[in-house]
Amino acid sequence: MSDTVFGAVQVSEHVWWVGAADWNVRNFHGYLTERGSSYNAFLIIDEKVTLIDAVKGPFAKEMLDRVASVIDPEKIDYIVSNHSEPDHSGGLPEVVSRVKPEKIFASVAGAKTLAAYYGDMGVTAVKTGDTVSIGKGNLAFVDTKMLHWPDSMVTYYDADKVLFSQDAFGMHLAGSMMWADEYDKSLLEYEARKYFANIINLQAGKVIDLLDALPGFNLDIRMVLPDHGPLWRTAEDINWILGLYREFAEQKPRPRALVAYSTMWHATEKLATAFAEGVRSAGVEVHLADLAENDRSSIMTHVAYSGLIAFGAPTMNNQMYPAMADALCYIKGLRPKNKIGFAFGSCGWSGEGAKQISAELEAMGVEQPEKFIQVKYMPNAEELKAIRDAGKRLAENLLEKCK
Ligand code: FEO
């Protein structure tokens with residue numbers, strides 16, 4: 001029988017899910033959460049009753065009600081805060097006030113961050129190698145600094161062999177089913193890819209370090225319980241998501257192209273379409289996206305998935321069109337690697353747009369084998385051919401890199 005997210009759900013002998021689904025959130029600090037999200041929190045019923053993470057502030061009562069369906073919340077002895085970003089700690093003040101826990105554990109940076117957000121809550125700082133006995137089992141902490149905040153850590157509970165992985169291996173997905181094996185794999189892959197691209201890509205190198213270091217901790221992991229989205233309970237699924245993370249983190253070039261553009265009077269759109277035609281003519285899959293219709297987190301997902309990224313915009317008031325500046329600022333922060341880039345645009349007179357896009361790509365470390373193309377007012381047949389040919393050459397270049 002499948003579990004649903006509507007009540008507290010027992011996920012292992014001693015562990016209960018007591019989090020909350022946020023079905024209708026669509027803007028998660030600028031990330032378009034097309035399928036909502038969830039804030040997973042877990043209750044360990046051991047001799048020391050322990051709450052692992054909390055939820056976003058408005059969901060604190062809902063979480064406490066779920067706890068109450070299993071045990072009197074005031075019986076919680078310990079709280080572990082694996083990650084102090086407010087989607088997991090916002091409910092803490094209400095929980096702490098109700099529960100009055102004996103101890104709260106967080107990383108060294110987490111203790112400072114929680115104090116900055118909520119004042120002194122008497123947090124005990126822990127680090128990699130520290131363990132705390134809670135009765136039948138022990139909690140072991142592993143610092144995962146900068147995955148994705150300085151405070152981030154994961155906690156392993158040996159009695160049930162579960163890893164509470166906070167944001168890592170999660171995704172923004174509210175659903176009625178609890179377990180990853182109850183969802184379609186292509187949906188999970190899409191949401192995991194989007195989540196990684198937009199939340200974790202900046203620290204991709206640290207993901208590889210963590211994946212390489214994990215076997216050294218000798219943890220017998222039977223379940224991975226992230227703070228967002230479905231939970232991983234089968235060896236096959238755990239290996240699948242760990243493998244996907246390695247693939248995402250490696251950022252090897254893929255034979256796929258993104259052409260993202262802004263347009264005022266369709267001139268840049270014509271250039272974008274011609275470039276895409278050229279890419280397609282070389283046999284490379286291409287995705288066209290007008291920034292007026294696509295949010296930046298969706299664009300970043302395509303950037304992460306594409307070996308060739310082309311950006312085009314008109315010049316407006318001597319600047320690249322503002323939507324393009326927004327997208328490039330966001331993408332640059334997430335530091336995509338191993339990309340071939342291309343800049344293009346249209347202008348009426350001064351024509352700074354394409355050059356500025358090219359400069360942004362250079363600042364990102366994106367290789368640009370072709371000089372940017374800029375046209376005045378509306379591209380003519382010759383100019384359209386030139387950009388079509390550039391698209392074909394760059395796609396061929398990408399195919400060579402993907403070999
Ligand atoms: Fe889900 Fe980084 O918070």
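Modeller: Buried means under 20% relative accessible area, exposed over 50% and partly exposed in between, with a 1.4 Å probe and protein chains only. Helices (H or I, at least four residues) and strands (E, at least two) are DSSP runs, numbered from the N terminus. This is a predicted model, in which local features need pLDDT of at least 70, side-chain atom pairs count only at pLDDT 80 or more, and totals for chains, interfaces and linings use all residues. Residues are numbered from 1 along each chain as its sequence is written, and side-chain values use heavy atoms, with hydrogens and water left out.

Biologist: Which residues cover the two faces of S19?

Modeller: Leu308, Ala310 and Gly312 lie on one side, Ile309 and Phe311 on the other, and all are buried.

Biologist: And which strand pairs with S19 over five bridges in the parallel sense?

Modeller: Strand S17 (residues 256-261) does, where pairing requires at least two DSSP bridges between two strands. Ala260 stands opposite Phe311 in S19. S19 is also joined by five bridges to strand S22 (residues 340-347), and these two run parallel. There, Ile309 has Gly341 in S22 as its bridge partner.

Biologist: Changing topic to the helices: at what angle do H6 and H7 pack?

Modeller: Helix H6 (residues 204-213) and helix H7 (residues 235-250) pack at about 140°, with axes 8 Å apart. Axes are lines fitted to C-alpha atoms, for helices over the stretch in contact, and angles run from 0 to 180 degrees between N-to-C directions.

Biologist: Which residues meet there?

Modeller: Among them are Val207, Ile208 and Leu211 in H6, and Leu242, Tyr245 and Arg246 in H7; contact means heavy atoms within 4.5 Å.

Biologist: How do H5 and H7 cross?

Modeller: The axes of helix H5 (residues 185-200) and H7 come within 11 Å and cross at roughly 40°. H5 and H7 are therefore oblique to each other; angles under 35 degrees count as roughly parallel, over 145 as roughly antiparallel, 65 to 115 as roughly perpendicular and the rest as oblique.

Biologist: Finally, what is the strand order in the open sheet of five strands?

Modeller: The order is S12-S13-S14-S15-S16, with mixed pairing. Strand S12 (131-133) and strand S16 (223-226) are the edge strands, each pairing on one side only. Within this sheet, strand S13 (residues 138-143) and strand S14 (residues 153-157) run antiparallel, joined by five bridges.
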